[in-house]
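Please open the model in your viewer and keep the selection panel at hand. The tour below goes from one selection to the next and says what is there at each stop.

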Amino acid sequence: MDYSNIFRLVNLAVGGLMILGGIGQFFPIGFQSVILGCYVIIFGAATLVLEFQIPPAVSRWAPFLFSFIGRGIFYIFVGSILLHKPAIWIVAGSIIGIVGVGYVVLEYIPQIEPPQNMRDAGGEWGAEQI
């Protein structure tokens with residue numbers, strides 16, 4: 001069975017939650033909250049862009065985004081950044097983290113293939129080329 005559309009919807013939802021969480025990070029305004037908010041917004045925008053096109057630089061510098069385990073750990077990381085008050089950001093961070101845990105688990109289920117946009121790492125994933 002092809003789960004590509006389901007993965008695309010999940011990734012789009014997670015990217016949207018990241019952007020909303022990044023906007024929420026700005027308040028109360030402080031140096032650290034603005035920096036973290038910018039990073040989370042950039043991560044969310046990158047997640048959304050990867051669902052529609054794959055820039056060559058991403059497959060070279062962030063090949064971990066092209067496997068279930070790599071994207072899962074990335075989602076867990078971003079979700080953990082959002083885990084603070086108010087409760088709505090705790091919920092958003094938890095959802096992103098739970099999706100990340102789900103992706104890590106999917107890495108070990110051989111019957112479920114990653115969607116096409118998670119397989120286009122350009123063949124550079126793994127060993128150095130000689």
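Begin by selecting helix 1 and helix 5, which pack at an angle of about 145 degrees with their axes 10 Å apart; axes here are lines fitted to C-alpha atoms, for helices over the stretch in contact, and angles run from 0 to 180 degrees between N-to-C directions. Helices are DSSP runs of H or I with at least four residues, numbered from the N terminus. This is a predicted model, in which local features need pLDDT of at least 70 and side-chain atom pairs count only at pLDDT 80 or more, while totals for chains, interfaces and linings use all residues. Residues are numbered from 1 along each chain as its sequence is written, and side-chain values use heavy atoms, with hydrogens and water left out.

Next, select helix 1 (residues 4–25) with helix 4 (residues 68–81), whose axes come within 10 Å and cross at roughly 25 degrees. That angle makes helix 1 roughly parallel to helix 4, a word used for angles under 35 degrees. Here F7, N11, V14, M18 and Q25 of helix 1 meet F68, R71, F74, Y75, V78 and I81 of helix 4.

Which residues touch the most other members of the largest nonpolar core? Among its 20 residues they are M18, F68 and Y75, and the core itself is a set of buried Ala, Val, Leu, Ile, Met, Phe, Trp, Tyr and Cys residues joined through side-chain atoms within 4.5 Å. Helix 4 gives the largest share of this core, five residues.

Now centre on F68, which is found in helix 4 and is buried, with a relative accessible area of 2%; buried means under 20% relative accessible area, with a 1.4 Å probe and protein chains only. Leaving aside neighbours within four places in sequence, F68 is in contact with residues including F7, Y103, I112 and M118.

Finally, move to P28, in the loop between helix 1 and helix 2, where a cis peptide bond with omega of about -5 degrees joins F27 and P28. Most peptide bonds are trans.

Terms used. Helix = DSSP H or I, 4+ residues; strand = E, 2+ residues; numbered from the N terminus. Parallel < 35°, antiparallel > 145°, perpendicular 65-115°, else oblique. Contact = heavy atoms within 4.5 Å. Buried < 20%, exposed > 50% of the residue type's maximum accessible area, 1.4 Å probe, protein only.
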